[in-house]
Amino acid sequence: MAETTGTPAAAPDLSVRLGPLRLANPVLVASGTFGYGEEYADFLDPGRLGAVIVKGISLLPRPGNPPPRLVETPAGMINAIGLENVGVDRFIDVKLPLLRQRRATVIVNIFGNTVDEYAGLASKLDGEDGVAALEINISCPNVKQGGMVFGTDPATAAAVVGAVRARTALPLITKLTPNVTRIGEIARAAVDAGTDAISCINTVAAMAVDIFSRRPKLANVFGGLSGPAVKPIALRCTYEVLQAVKCPVIGVGGIGTATDALEFMLLGARAVQVGTANFVNPGVSVEILEGIERFLRFQGLDRIEDFIGTLDTECLFPFAEDACGVLDLS
Amino acid sequence: MPKFQENALILDHREVADRTWLMRLMSPKIALEARAGQFVMVRVRDGIDPLLRRPLSFHRTFPEEGCIELLYRVVGKGTLLLSKTVPGMNLDLLGPLGNGFDLPAPDARGPIALIAGGIGIAPLFDLMERIALSNPAFDPQQMNLFYGTRTVAELLALSYFGALGVRVHWSTDDGSFGHKGHVTRMFAQFAEDSAFRPESLYACGPLEMQFHVARWALAHDVPAQLSLESLMACGLGACLGCALPAASPDDPAADGYVHVCMDGPIFPAGAVQWQKLQVHRPPPPIFLSD
Ligand SMILES: Cc1cc2nc3c(=O)[nH]c(=O)nc-3n(C[C@H](O)[C@H](O)[C@H](O)COP(=O)(O)OP(=O)(O)OC[C@H]3O[C@@H](n4cnc5c(N)ncnc54)[C@H](O)[C@@H]3O)c2cc1C
Ligand SMILES: Cc1cc2nc3c(=O)[nH]c(=O)nc-3n(C[C@H](O)[C@H](O)[C@H](O)COP(=O)(O)O)c2cc1C
Ligand code: FES
């Protein structure tokens, strides 16, 4: 442990590299939980974030699923939005310029019903000023065609990633679903097909019913669970993926505090995404960023890169004599 | 319109009717910007269960004093927890959110109808106060409030409305006070008997009630503003969870959605496709375990 000295240390270096993508800091906001970036501008400066990942975009606008589309569950929520979005053309014409103005680093989450649609999206977004990377969503549980189907089979996952890779020079991030038996295999297929990084995880397939109306609480019956309830699942998936592949991994699922974020980074995630927590506290992503910075100072670390992946997998019996365990990062 | 996150001090909090609580909060930034019909997202407590905020409409606003009042009905976990909070505590609020009601034109003189079902009275009270304040020439007797609840215990006291001088038409489903039956029936009957044609109509209440109001307004060509509800996660237009099926009269093929938190919560009667809404009655007011 570093001794505290009289002179304030220089701010720790929070920048991270994810393959070809270099981010000013590791705190990103997850697709579908931050709109197109404008929605939260009253509460925080999107330019401060490592990146803003926008709502999933398809070639044509999509109305999404019928309501009710969401339900709250203990420590989480289930959504069945069904990838409602404005379509790629309107995104480029209307939404992207606003994000550019805010000097936000933008990652576009893309989604198609067919491999060709993914490829078409990549072509349209390739070279668009202000797009830093593409996140390929092969993991949405809320759409009948495409979506999660692509993410549950290594061959189709590879086909999508390969088709996108062929159409763009942008850094590619592939977003995986936890709704599979061996997530490492899907990750390996995506890496072999040319993805530069992996996001892990999308929502967990889930359900809720009402004993009074005797009906499902979501019109779609099933939806995707997110929030604190899924963090242990996301951590396990991240760990498995990190063991299966060498490429950079972005942890996502139930992150709402700096401690949560650091847990993923301890495993080896090079960045994190904050999702549902944005709904609870619109400024939370910046608070997490500040909490990470405080943690690094406290630990006497100059660079976040020095913390990433330093997990010692030998588990010791915990004793509460070390004050480090109760450091308040919030 | 700016939105704020404010840590609001609870100044007063009491039960004013059956399971119905009135809370007064110090929230100067939000109070200054608030319009009638807008709402706040309330964090009922720290921690992760319940995780999400709860939307509550402005019941009254006092921009000069920097205060707002919320009126809410305890229906589940979140509102139950909220009812346990006491003056001196703080609540984290986001607001003001949504579009709010349009007030009648400054030269409006004709009658106005306000239809409230149950806790739907909450935003209409602010609206009535603002109409009275913004338009001194307006005769409060021209404001007709049709107010119905299940039973007399849920009705807000008469004295509450006295100061405003509006005409209140009461109803209860069980006939324990005022007209017996649904408030929409009372309203339709009154309109028919007295050839009552409001210049504008405002309503808030359960979806089923709003459906009847919308049908009446469309059939009689009366401009209506309905405060609609939907389950919300963000309240800001980011999650797209609060969708209702949109009806665009010009384009019958349109099958998109409107979003209650940003396109609403106030909508004209023809804005949503009522037949596509699966309206089912809310559960009986009991709690099984909590
Ligand atoms: C824009 C807006 C303004 C509102 N203003 C007020 C207000 O001023 N006063 C007030 O009492 N209530 C208001 N509501 C409704 C209020 O938000 C819900 O009653 C509250 O969220 C329920 O939370 P809970 O945790 O107590 O119930 P839960 O445990 O979440 O649910 C209990 C029961 O209430 C139903 N319910 C939950 N949320 C809603 C909702 N949004 N609309 C209708 N039924 C719901 C559930 O389906 C369930 O049957 C408003 C809703 C919206 C969308
Ligand atoms: C309302 C909502 C909408 C979402 N939409 C998308 C989407 O369009 N594309 C996508 O890849 N993930 C989407 N997600 C998944 C999130 O990006 C994230 O992977 C997931 O919610 C887990 O993180 P969390 O627990 O921090 O929310 C959505 C999640 C929610 C809650
Ligand atoms: S509640 Fe999130 S978009 Fe309306």
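These are my notes on two interfaces in this predicted model.

**Entry 1: chain B against chain A**

I started with the contact between the chains and found 36 residues of chain B touching 36 residues of chain A. Together the two chains bury about 2,900 Å², with 66% of that on carbon and sulfur atoms. I then looked for charge pairs and got 2 salt bridges between chain B and chain A. One that I looked up joins Asp42(A) to Lys3(B), with the closest N and O atoms 3.9 Å apart. On the chain B side, β1 (4-17), β14 (243-245) and β15 (257-259) each give two or more residues. β14(B) gives the most, with 3 residues. By class, I have 23 nonpolar, 7 polar and 6 charged residues on that side of chain B.

**Entry 2: the two domains of chain B**

Next I turned to chain B itself, where the domain assignment gives domain 1 (4-97) and domain 2 (112-232). Their centres, taken over C-alpha atoms, lie 23 Å apart. Domain 1 puts 24 residues into the contact and domain 2 puts in 16. The buried area here is about 1,600 Å², 55% of it on carbon and sulfur atoms. Which residues of domain 1 lose the most area to domain 2? I found Ala36(B), His59(B) and Arg73(B), together 32% of what the domain 1 side buries.

Arg73(B) came up again: its side chain meets that of Glu154(B) in a salt bridge at 3.2 Å, N to O. For the two domains I logged 3 salt bridges and 8 residue pairs in polar contact, both at pLDDT 80 or more.

Notes: Residues numbered from 1 in each chain as written. Chains lettered and ligands numbered in written order. Predicted model: local features only at pLDDT ≥ 70, side-chain atom pairs only at ≥ 80, totals over all residues. Heavy atoms only, no water. Contact = heavy atoms within 4.5 Å. Buried area = accessible area lost by both parts, 1.4 Å probe. Salt bridge = Lys/Arg side-chain N within 4 Å of Asp/Glu carboxyl O. Helix = DSSP H or I, 4+ residues; strand = E, 2+ residues; numbered from the N terminus. Nonpolar A, V, L, I, M, F, W, Y, C, P; charged D, E, K, R; others polar. Domains from an automatic or database assignment. Polar contact = N/O pair within 3.5 Å; in protein donor to acceptor, adjacent residues only side chain to side chain.
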